[in-house]
Amino acid sequence: MSLQEIAFVITTTLFGDIIDAPTLKKTVYESLDFEIPLTNVHDDFFLLELFHGPTQSFKDIGARFMARLLPLMAPLEDEYRDIIVATSGDSGGAVANGFRDTPRTRVIVLFPNGELSSEQISRFISEKNVLPIEVNGTFDDCQDMAKKAILSEIDTPSGHNIVSGNSINLLRQLPSIIYYFHAYARAMEQRPGQEVVISVPCGNLGNLSAALMAKKMGLPAKRFIAANNANDVFVEYLKTGDFHPKEALITIARAMDVGNPSNLARIIDLYDGDMEQIRTDVEGMSVDDPSIRETMRKLADSYGVITDPHTASAFAALETKLKPGETGIALASAHPAKSGEVVSDVTGRKIQSPQSEAQPTDLRDARIVKIPPTLSALHRAMLIENHNK
């Protein structure tokens, strides 16, 4: 089955009692109008290239489906909708692009000061219906503010309702299940009969949650590897069974710099708190910056494969944990151009961003609202009007 055929089966399983089949098929082909190739790096090691969407990130898949499914499942009449999303790297650009042409909808992007590259910021400030808010704090601060805004009686422009654009919203997370079944299908074409292990770069654990949902739905992957960077709270949770959130450290894999991942609660619930079963399905590994750099250099020099730091973390974990006779897939979560400065510094190669409908914007012309990490400051910022009418 093709990517789109697999996607249609998955979305019909998930949403078929709410949305009719012809509409779902149209949604699938509009959302996945790009390919997701599985490429062999060497031996039994593969990369699943999830960066061929318009903003060159795996988050395009969930964001594009959400932008098309939300108006069908919760149509607007006279009111407006605010999509509020906290971003540690790529969510902001993917959600902004997904909703760029959605009427009566505004995307509010909260991002931490000093933690995103100019390329990542440019991906969402270029959209006319986006309110970019720079928070003087961490991603965890942004995430906490976004959650509180959804749960509180927050002041917004008249007639607005608020929806989360992060992976805590199942409508953005569930479509990620598609590419795990697709990855397995493509692996069986190239390595028929072998057991498949998938390495997932982990920050807020949304991607891993979708992987485990796929396994609960019947995906015959043998196990998953959760690759943390130096922010290893999930790896420690797998070791000890105790969760201790920490202030996030800044690393070269910035989108993974999360010290209090929201989706851990979803994983625990998915397994009814059975720690041993979680450990059966998920193996954790923390990959520090020197190891990420070394993996990027090795992939470039030995195999001619250029990766961003997040992909390199997943590949490093895969090389350490894969056993003989297994086929390993590392998720290539973002195009290397999205971390162009780091890639150039580490590999000595300059990477050009591919042509897409979402071209970077000069930040010097950007109108960005800057606030402290407080809900009251967010209240005031959200009273600014801008949306597609």
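Residues are numbered from 1 along each chain as its sequence is written, and side-chain values rest on heavy atoms, with hydrogens and water left out. Because the model is predicted, local features need pLDDT of at least 70 and side-chain atom pairs count only at pLDDT 80 or more, while totals for chains, interfaces and linings use all residues.

The whole structure was searched for salt bridges, defined as a side-chain nitrogen of Lys or Arg within 4 Å of a carboxyl oxygen of Asp or Glu. The search finds 20. One of them joins D90 to K338, with an N to O distance of 3.1 Å. D90 sits in the loop between β3 (80-86) and α4 (91-98), and K338 in the loop between β10 (326-332) and α15 (340-347), so this pair ties together parts that are 248 residues apart in sequence. Helices (H or I, at least four residues) and strands (E, at least two) are DSSP runs, numbered from the N terminus. Both D90 and K338 are buried. Here buried means under 20% relative accessible area, exposed means over 50%, and partly exposed lies in between (1.4 Å probe, protein chains only).

A second salt bridge links E195 and K222, whose closest N and O atoms are 3.2 Å apart. E195 belongs to strand β7 (residues 195-201), whereas K222 lies in the loop between α9 (206-216) and β8 (223-228), so the bridge connects parts that are 27 residues apart in sequence. Both ends are partly exposed. The relative accessible area is 43% for E195 and 34% for K222.

The side chains of E283 and K321 also meet in a salt bridge, at 3.5 Å from N to O. E283 is in strand β9 (residues 282-286) and K321 in helix α14 (residues 309-321), so parts that are 38 residues apart in sequence are tied together. E283 is partly exposed at 26%. K321 is partly exposed at 23%. H42 counts as buried, with 13% relative accessibility. The side chain of H42 makes a polar contact with the side chain of E319 at 3.3 Å. A polar contact is a pair of N or O atoms within 3.5 Å; within protein, one must be able to donate a hydrogen and the other to accept it, and residues adjacent in sequence count only if both atoms are side-chain atoms. Residues up to four places away in sequence aside, H42 touches Y303, F315 and E319. Contact means heavy atoms within 4.5 Å.

L38 is also found in strand β1. L38 is buried, with a relative accessible area of 9%. Its contacts, leaving aside neighbours within four places in sequence, are F46, L47, L48, A183, R186, A187, Q190 and I329. The C-alpha atoms of L38 and A332 are 9.6 Å apart, although 294 residues separate the two along the chain.

Two backbone angles deserve mention. Most residues other than glycine have a negative phi. D43, which is not a glycine, has a positive phi of about 50°. D43 lies in the loop between β1 and β2 (45-49) and is exposed, with a relative accessible area of 56%. Q56 also has a positive phi, near 55°. Q56 is placed in the loop between β2 and α3 (59-73). In contrast to the exposed D43, Q56 is buried, with a relative accessible area of 2%.

The largest pocket holds about 460 Å³ of space. Its lining comprises 21 residues, of which S117, K338, S339, G340 and E341 are the closest to its centre. On a 1 Å grid over the protein atoms alone, a pocket is an open set of points where a 1.4 Å probe fits, with protein on both sides within 12 Å along at least five of seven lines; lining residues have an atom within 4 Å of a point. Grid points are joined across faces, edges and corners, and the volume is the space filled by probe spheres set on the points. Helices α5 (118-125) and α15 each supply at least two residues of the lining. α15 gives the most, with four. By class, the lining has six nonpolar, 10 polar and five charged residues. Ala, Val, Leu, Ile, Met, Phe, Trp, Tyr, Cys and Pro count as nonpolar, Asp, Glu, Lys and Arg as charged, and the others, Gly among them, as polar.

α5 is mostly covered, with seven of its eight residues buried. The buried residues are E119, Q120, I121, S122, R123, F124 and I125. Their cover includes α4, β4 (105-112) and β5 (130-135).
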